[in-house]
Amino acid sequence: MKDLRSTIEEIAHAQPEDLREGYLNRLRRLLRLRRDHFEELNEQGLRLLDRSIFAAYCDCLDIGQGEAAKSVLKDVRLTLSLTRSAKR
């Protein structure tokens, strides 16, 4: 089992292509959380989740995966329909 120090060193020296799937999966997960719990979240909860989604998107941009992140954001299975979000 690796110790924390060696894991941190691996992450620090990781190439963007090594981080791609992790960053995109985090963006997908946050979008699913927003979609699945939209009705349960209050305004502050939605704002917090939206900021997390934006941060995950920015992380993707930082490693040169902007187009892949945009395609995740465009995936209608991960986002709310306009009619549903307009009810709020």
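User: Buried means under 20% relative accessible area. So is leucine 24 buried or exposed?

Analyst: This is a predicted model. In it, leucine 24 has a relative accessible area of 2%, so it is buried.

User: Which element is leucine 24 in?

Analyst: Leucine 24 belongs to helix α2. That helix covers residues 16–37.

User: What does leucine 24 touch, leaving aside neighbours within four places in sequence?

Analyst: Leucine 24 is in contact with Cys60, Ala68, Ala69 and Val72.

User: How far is the C-alpha of leucine 24 from that of alanine 56?

Analyst: The two C-alpha atoms are 7.9 Å apart. Along the chain, leucine 24 and alanine 56 are separated by 32 residues.

User: OK, zoom out. How many helices and strands does the chain have?

Analyst: There are five helices and zero strands. From the N terminus, the order reads α-α-α-α-α.

User: What's the confidence like across the chain?

Analyst: The average pLDDT is 86. A score of at least 70 is reached by 89% of the residues.

User: Which elements have the highest and lowest mean pLDDT?

Analyst: Helix α3, residues 43–62, is highest at 96. Helix α5, residues 82–86, is lowest at 48.

User: What about glutamine 65, where is it?

Analyst: Glutamine 65 lies in the loop between α3 and α4 (66–74). With a relative accessible area of 18%, glutamine 65 is buried.

User: And which residues does glutamine 65 touch?

Analyst: Not counting residues up to four places away in sequence, glutamine 65 touches Arg20 and Cys60.

User: Which element holds leucine 49, and which residues does it contact?

Analyst: Leucine 49 is in helix α3. Beyond its neighbours within four places in sequence, leucine 49 contacts Leu30, Leu33, Arg34 and Leu41. Leucine 49 is buried, with a relative accessible area of 13%.

User: How far apart are leucine 49 and arginine 34, C-alpha to C-alpha?

Analyst: They are 6.8 Å apart in space and 15 residues apart in sequence.

User: Rings next. How many aromatic pairs?

Analyst: The count is zero aromatic pairs.

User: What sits over the ring of tyrosine 23?

Analyst: The charged end of arginine 26 does, 5.3 Å from the ring centre.

User: Last topic, the whole chain. What share of residues is buried?

Analyst: Of the 88 residues, 25% count as buried. The chain exposes about 6600 Å². Carbon and sulfur atoms supply 54% of that area.

User: And what share of contacts joins residues at least 24 apart?

Analyst: That share is 67%, among contacts between residues at least 6 apart in sequence.

Definitions and conventions:
Residues numbered from 1 in each chain as written. Predicted model: local features only at pLDDT ≥ 70, side-chain atom pairs only at ≥ 80, totals over all residues. Heavy atoms only, no water. pLDDT = per-residue confidence, 0-100. Helix = DSSP H or I, 4+ residues; strand = E, 2+ residues; numbered from the N terminus. Phe/Tyr/Trp six-rings, centres within 6.5 Å; stacked < 30°, edge-to-face > 60°. Lys NZ or Arg CZ within 6 Å of the ring centre and 35° of its normal. Buried < 20%, exposed > 50% of the residue type's maximum accessible area, 1.4 Å probe, protein only. Contact = heavy atoms within 4.5 Å. Areas by Shrake-Rupley, 256 points an atom, 1.4 Å probe, with all protein chains shown as cover.
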